[in-house]
Structures are given as structure tokens and as C-alpha cells.
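Welcome! Take a moment to look over the chain and its fold, and then let us walk through a few of its features together.

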Amino acid sequence: MYFTTLTTLLTLAASALAAPAPAPTYHNWPGAPTKTYTAPRITHTVVAGRGGQLRFDPENVVAEVGSIVEFHFLPANHSVVEAAFNAPCRPRSDVDPAAPNSFFSGFFPVTPNPDGSLCQSEEVFQIEVKDDKPIWYYCGQPGGGGHCQRGMVGVINQRFDTPFTLEKFRQEAAKVPPPPGLPAGGVRGGWRIPNPNPLGGF
Ligand SMILES: [Cu+2]
């Protein structure tokens, strides 16, 4: 009896000490480093296509170095591509030799729910804010004359005391002959992971 109780207690103790649930599996471009969270990160959420608009929301984010910006995608098929301020609607890697791995999320086709209820992509795309320089981006969807040309652009850490504004970036994007440029080689520069909150109220 005593032995049985002791065994039970030891079993319970072992359960309590068991390792936490394994981290979710992240996948990314070939050869990408495995992503593990060593500490909670501040995560800023940006939603592409809210209300059917060709917009990122919010399209202007202030994010401290070390934080995460997480892109969620609503219908119908958006993406996010890093650009350079002076070359909108083109992958930054096309114009900036210092950024060969500028980010591209790939596309996120999402079928609207028949009942009109809100739905979003099963995966999200995360980037890490590595420094305090502005990060310019656009949607690479070429349909309908190009989402970038139609104003689907955004910025992280715009410098508000300079002429390099989101509105200027958007104006210049509208002048670029469609379609938007896409990087060769697929998803890169961030992490495309299972949506941690797929039923969130977007
Ligand atoms: Cu789009």
C-alpha cells in the first residue's frame, strides 16, 4: 500500500516536472535557421486586406528593435514584400546589394466564408525588427493592376521628421508600371508559421 502510494506520488511529481509542450514547428526558406523563442517578444500585428480593402492595417507601425511584426492575411490573396523607399513595388533585393535576403512572405490564398463571416490565413508571416531603420513593404499581388500600385503599401519605423513618408512612398508606387515585382526563390527573410490566433476578430 505504502509502496503504491509512493509510486503514485513519484508519477505525479514526474508529470509536474515534465517539459513544457514542444514549440510549434516553424518552416521557412531552405537553409533558414530554426526559429526558437527564448523570451516573450513584443509582437505587432498587421492585417492585410481588412474589410476587403487593398490596405495593410495598421500601415504605419512603430516597433522597437527586437520585436516581431506579424502579418495576417484576409481574402483573397495577398502577400508582403520588402522594398526600398526609392524603388516601390520592387523587391529590395533587386536594388540594394546590402539586402540580398529582403523579406517575402509568399502568397496567402484565403477563400471567403460563404456566410460572409470573417476568416484569415491558416499561416502568418513574421519578421524580426533588427534595427531602427525604416522598413518599407508592399503587397506583391499582380492582379487588378497590382495591389502595390493601388496603394497596398506600408512601413515600419517611418522617420516622421524626414520627407521619407508613407504617403510619398504610396504616391511613387502608383507611378510604377504594373505588375509589382516579385523576388525569385520564394519565401525568405522571415518566418511563415501556423496562425497562432486564426479565430481572432479580424
Ligand atoms: Cu494584396
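A donor, as the word is used here, is an N, O or S atom within 2.8 Å of the metal, and water is not among the atoms, so a site may look incomplete. Please keep in mind that this is a predicted model.

**The copper site**

Which residues hold the copper ion? Its protein donors are His78, through ND1, Cys139, through SG, His147, through ND1, and Met152, through SD. These atoms lie 2.0 to 2.7 Å from the copper ion. If you follow the chain, the donors are spaced as H-x60-C-x7-H-x4-M.

Why is the arrangement called tetrahedral? Four donors count as tetrahedral if all angles lie between 85 and 135 degrees. Around the copper ion, the four donor atoms subtend angles of 90 to 130°, and therefore the arrangement is tetrahedral. Two of the residues named above, Cys139 and His147, are both buried.

**The disulfide and the cysteines**

A disulfide is a covalent bond between the sulfur atoms of two cysteines. The structure holds one disulfide. Its partners are Cys89 and Cys148, with an S to S distance of 2.0 Å. The link of Cys89 and Cys148 is left-handed, with -85° about the S-S bond.

What does this link tie together? Cys89 sits in the loop between strand E6 (81-83) and helix H2 (92-95), while Cys148 sits in the loop between strand E9 (135-138) and strand E10 (153-156), so the pair connects parts that are 59 residues apart in sequence.

Are the cysteines in the table below buried or exposed?

| Residue | Relative accessible area | Class |
|---|---|---|
| Cys89 | 1% | buried |
| Cys119 | 17% | buried |
| Cys139 | 0% | buried |
| Cys148 | 0% | buried |

**A buried glutamine**

Next, have a look at strand E8 (residues 123-128), where you will find Gln126. Gln126 has a relative accessible area of 2%, so this residue is buried. Its side chain makes a polar contact with the side chain of Glu70, at 2.7 Å.

**The largest pocket**

Finally, turn to the largest pocket, which has a volume of about 650 Å³. How many residues line the largest pocket? The lining consists of 27 residues, and Glu82, Arg92, Asp131, Pro134 and Ile135 are those that lie nearest the centre. Strands E6, E8 and E9 each contribute at least two residues to the lining of the largest pocket.

Methods. Residues numbered from 1 in each chain as written. Predicted model: local features only at pLDDT ≥ 70, side-chain atom pairs only at ≥ 80, totals over all residues. Heavy atoms only, no water. Donors = N, O, S within 2.8 Å, 3.2 Å for Na, K, Ca; no water. Tetrahedral: all angles 85-135°; square planar, octahedral: opposite > 155°, others 65-115°. Buried < 20%, exposed > 50% of the residue type's maximum accessible area, 1.4 Å probe, protein only. Disulfide = S-S within 2.5 Å. Helix = DSSP H or I, 4+ residues; strand = E, 2+ residues; numbered from the N terminus. Polar contact = N/O pair within 3.5 Å; in protein donor to acceptor, adjacent residues only side chain to side chain. 1 Å grid on protein atoms, 1.4 Å probe; cavity = no way out; pocket = protein on both sides within 12 Å on 5 of 7 lines; lining within 4 Å. Points joined across faces, edges and corners; volume = space filled by probe spheres on them.
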